[in-house]
Each structure stands twice: as structure tokens, then as C-alpha cells.
Amino acid sequence: MFRFSIVALLLIGHFISYAQTNGKLVQGEAIVSFSQIDLLGFGIPAENGIDLHKIWYETLGSDGQLDTASGLLILPQLTELPPPIISHHGTTSPRTAIPSNQQSHFGEIFYGAFGFPVVVADLLGMGESRGFHPYLHAATQASASIDLYRAASDYAADLSVELGDQVFVSGYSQGGHAAMSTLRALELDHADEFEVLAATPMSGPYNLSGTLRDEIAANEEYLFPAYLAYIAKGFQAAYGDIYEDVNELFKEPYASVVRPFDNQEDFTLGQLNDSLLILLNELEGASTPTALFQEEFLTAMVALDTTNRIVAAIVDNDVYDWVPQTPTRLYYCEADEQVPFENAVFTDSVMTANGAPDIEAMSQGAGLDHGGCAFVAFPVSADFFRSVLVASSTEKINENLDISFFPNPTQEHIQWQYEGRVLSITVFDVQGKRILQEVGDKYELDVTDLRSGVYFLQIQTTEGVSTQRFMKE
């Protein structure tokens, strides 16, 4: 970690403290509402409707100067709300295809549909913010998100909604990297202001330098070469002196294709990727990333030589080598063709070795690709956050208790089998509110009067407490 701070100083010649940012609310407005029926029609098993609001706020730009950025606030149509989620979106293109404009980002809407308030930054160089997006730049991903939360809290207060200082953190793909960046900043720089209850970075490139080094060293076909250009141009926007011209990194004719890319409507990331794939296959016979780059960079990247500026920037934005104190789950899928799943497994191993108290990388499907994994990971993430809320209401948790629950789903009764002594049975809703409680050595509970939805059944025994999620039909 010390090495990274020195690298940053060498890169930019001066230090920009993104920990000391702003978050002043400039403006907010309601943009659209979706009823529960609307969301069910979208294929989201919603438990409530949601209201979407666009937020304009002040934050530091990647150049260290004050900028006006934008983001999205989602408020569930409920009277009682759990702590909010600071969420992060994946890679988007063009720069207008962001949450506060597009209003169709699955993950954020999914969280809101399950009762969580959500704030999600468009990020710098996207939406209303100026300049080129500093893609995968950890510091600005974190500062833009934290400042948005501050501004969104002020806006929500005007609507008589209290967001509070307890938060969850999540994000998918680039958003996974941004989530880890934000979690680190919240714990290390803002612990006096925020309490992070849990985090779920998902399918993110946490070991960015290792991922790129492996791709280059393997010299195998890679179908997303535009990401490599996006990283280079994004770090140029963040640090300012990575190169004077892209041909210092990219060979011709690839440099001429990369040079005009500015993530606008007339030349998107997808179009850049298509152009590079066509050239690589035409000139090299396959889309191998080594063909794109100058030899000096390739040699430095394989050696992780941080005297090379772009390599130093890549290493500076690794987010795996620290010790989160927050309960953290790294969700991934083995068939991910865009972000190698080894990122999550490696990060888990390093953080565990460093002494992280509650970190676990968890596969969500060996056969799921990058897109398919998201549709599984977000529901699991929401369930994990709910379980943390329920667990926080108990004093002694023992998830290894041998208790079996049935039937699930249920219409009338939920039953359980346990050889020991049961002291009490409690049912919580998804907001962590106590709905039912029975005291005594019982093994069946009548849930006929509960509304349809998801609940948590908590069994307190002489050996501890076990919690089970169940569905009331």
C-alpha cells in the first residue's frame, strides 16, 4: 500500500486528496416512477414500487478542480426503509448511457424493487460531468460515489426521507472495482462519517495489474480489446501524463483507431471494439492483445515495471491488497469471458491472509458468462444484505445449528426440526422489522395472515440463533 502512494506521487507530480471532497447538492428532480405492477412487468419480482430522482452535485474532477456531476437516487414507495445501498454500474457507452439518463440499469432497479434506497453515481466524465471518463480509476470512482451520497441525503431530507449514515456497498463489473474502491475509501478515510454494514463487489477486476499481465503474457485471443484502450485513455484523463500521444502505447494502425475515441454517440466503446477486432483479425489473424501495443509497454507490463508510467497507473489502481473490516462477499461466475473470475478468488486469498475478518469469494454458477452472472448475483447480494439486517438484531448467531425448515415456499405454516431446545421464534420482514414472535419450545408457526412476500424466520435456541429466508405465497 505504501508503494502505491509513492507511485501516485511519481505519476502526477502532486497529490490530489479525493478524501477531502465536496458533495454539495446543486439540484435534484423526480424523473420517473414505476409501480410494483410495472416492475413485475419488467420481469423483476418486485415487492414495492420505486421513484427515481436525478441528482446534480459538486465533486472534484479527475483534474482536481471542482466539477458538477450527476447520479441517480432510487426511493422505494414504502414508509419504512432499510439502510441504503451505494451501488455502482458496469461499463457503459456512450457517456450518456448512464443511470440518471437511461433509467434501466437492472441492478439498481432490482435493489429498489426489494425495498432498498439506492444511490448510484454516473461517475466522472459521464452524464453531466466534464472531460473523458477516468475508467477504472479507483480514487475518483470512490469520491464521486461518496459525494453523491452526501448530496442525495440532503435532497432526500427535503422529501422527509432520512438516508442516515449506515450504508451497504455494491457494484457489478466496473462497478465491482468501484465498489471495492468505495469500500476502501469509506473504511480508511470516512469511518467517522459512515458505517458500512456489508459489501458485495461482483465480477470486478480488483487485481487489475494481474489481469492485464496475464492477458498479455498468455498472448491468446481476447474479444474485448477496446477495454484496453479505454483503460489507457481513462488513466490519461486521471493522471495527465501517461503519454503525449496514443502511439507511444499503441502500434499503428491501431493507434489511429484509438486516438479519436471519446465515448460519444458518434464513436462508442462498442464501435471501437468492432473496429479493433476487424483490424486485428485482418492483420494478425486473431484478436490477440499483444499485437496492439508497443514492445516497451509489453515488456514493462509483464515485469510489472512501475518505472513505466502506464504500468505504474495500472498497479496504483489495484484494490485487492488491504484489510476490509466490513462483511464482504465477492460474487463471480467461472465462465465470465470479460472479467476473469480469478480476480475474486485471488482477492479473497490476499485479504484473508492480511487478516480480513469476514471475506468470502462465492461462485454463482460455473457455466454463467459475464452478462448471465449479473442476473444471479444481484438477487444473492440483496439476500445477503437482508440477512445482515436480521443478524444485527440478535446477540448470538450460530448458522451451523442443525435445523431444517419446511415447507418453503409456504401458504399456511412453517415448520422446523431441531433436536435441542427452542427458546423463541421470530419473523422479520425484509426491512428487518419484527412481524411475529412466539416464546417457548415450539416447532410450527402459523403464517396464514402474513402478506405474500419474503420473510426471515429466526430460531433462538440454547446453542445460539439460526436464520432462514422463506417465501409466503
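Rings of Phe, Tyr and Trp (its six-membered ring) pair if their centres lie within 6.5 Å; planes under 30 degrees apart count as stacked, over 60 as edge-to-face and the rest as tilted. In this predicted model, ring pairs join Phe106, Phe110, Tyr111, Phe114, Phe116, Phe168, Tyr172, Phe375, Phe378, Phe384 and Phe385 into a cluster. The structure holds 26 aromatic pairs, and the chain has 14 helices and 16 strands. Helices (H or I, at least four residues) and strands (E, at least two) are DSSP runs, numbered from the N terminus.

**Basis of the model**

- Residues are numbered from 1 along each chain as its sequence is written, and side-chain values use heavy atoms, with hydrogens and water left out.
- Because this is a predicted model, local features need pLDDT of at least 70 and side-chain atom pairs count only at pLDDT 80 or more, while totals for chains, interfaces and linings use all residues.

**Confidence**

- The average pLDDT of the chain (the predictor's confidence in each residue, from 0 to 100) is 89, and 92% of the residues score at least 70.
- For residues 1-15 the pLDDT is below 50, and this stretch has 22 contacts in the model beyond near neighbours in sequence; contact means heavy atoms within 4.5 Å.
- Residues 394-398 also have a pLDDT below 50, with twelve contacts in the model beyond near neighbours in sequence.
- Where pLDDT is low, the predicted coordinates should not be read in detail.

**Overall shape**

- Along the principal axes, the C-alpha atoms of the chain fill a box of roughly 75 × 45 × 40 Å.
- Of the 473 residues in the chain, 56% are buried; buried means under 20% relative accessible area, exposed over 50%, and partly exposed in between (1.4 Å probe, protein chains only).
- Among contacts in the chain with a separation of 6 or more, 73% are between residues 24 or more positions apart.

**Aromatic pairs and a charge over a ring**

- Phenylalanine 34 and phenylalanine 42 form an edge-to-face pair, with 5.2 Å centre to centre and 80° between the planes. Phenylalanine 34 counts as buried, at 14% relative accessibility.
- Tyrosine 111 and phenylalanine 385 form a tilted pair, with 6.2 Å centre to centre and 35° between the planes.
- Tyrosine 111 is buried at 0% relative accessibility, and phenylalanine 385 is buried at 0% relative accessibility.
- Lysine 233 lies over the face of phenylalanine 132, at 6.0 Å from the ring centre. A charge sits over a ring if NZ of Lys or CZ of Arg is within 6 Å of the ring centre and within 35 degrees of the ring normal.

- Helix α6 (residues 174-189) has 16 residues and reaches 22 Å from its first C-alpha to its last, close to the 22 Å expected at 1.5 Å a residue. The expected span of a helix is 1.5 Å times one less than its number of residues.
- Of the 16 residues of α6, 13 are buried, so this helix is largely enclosed by the rest of the structure.
- Serine 173, in the loop between β6 (166-172) and α6, has a positive phi near 65° in a residue other than glycine. Serine 173 counts as buried, at 9% relative accessibility.

**Loops with further backbone features**

- Leucine 136 has a positive phi of about 60° although it is not a glycine. Leucine 136 lies in the loop between β5 (118-121) and α5 (138-158) and is buried, with a relative accessible area of 3%.
- Serine 93 and proline 94 are joined by a cis peptide bond with omega about 0°; proline 94 is in the loop between β4 (85-87) and α3 (99-102).
- Glutamate 252 and proline 253 are joined by a cis peptide bond with omega about 10°; proline 253 lies in the loop between α8 (226-239) and α9 (254-258).

**Surroundings of proline 84**

- Proline 84 lies in the loop between β3 (66-76) and β4 and is buried, with a relative accessible area of 1%.
- Leaving aside neighbours within four places in sequence, proline 84 is in contact with Pro117, Tyr149, Leu163, Gln166, Val167 and Phe168.
- The C-alpha atoms of proline 84 and valine 119 are separated by 7.5 Å, with the two residues 35 apart along the chain.
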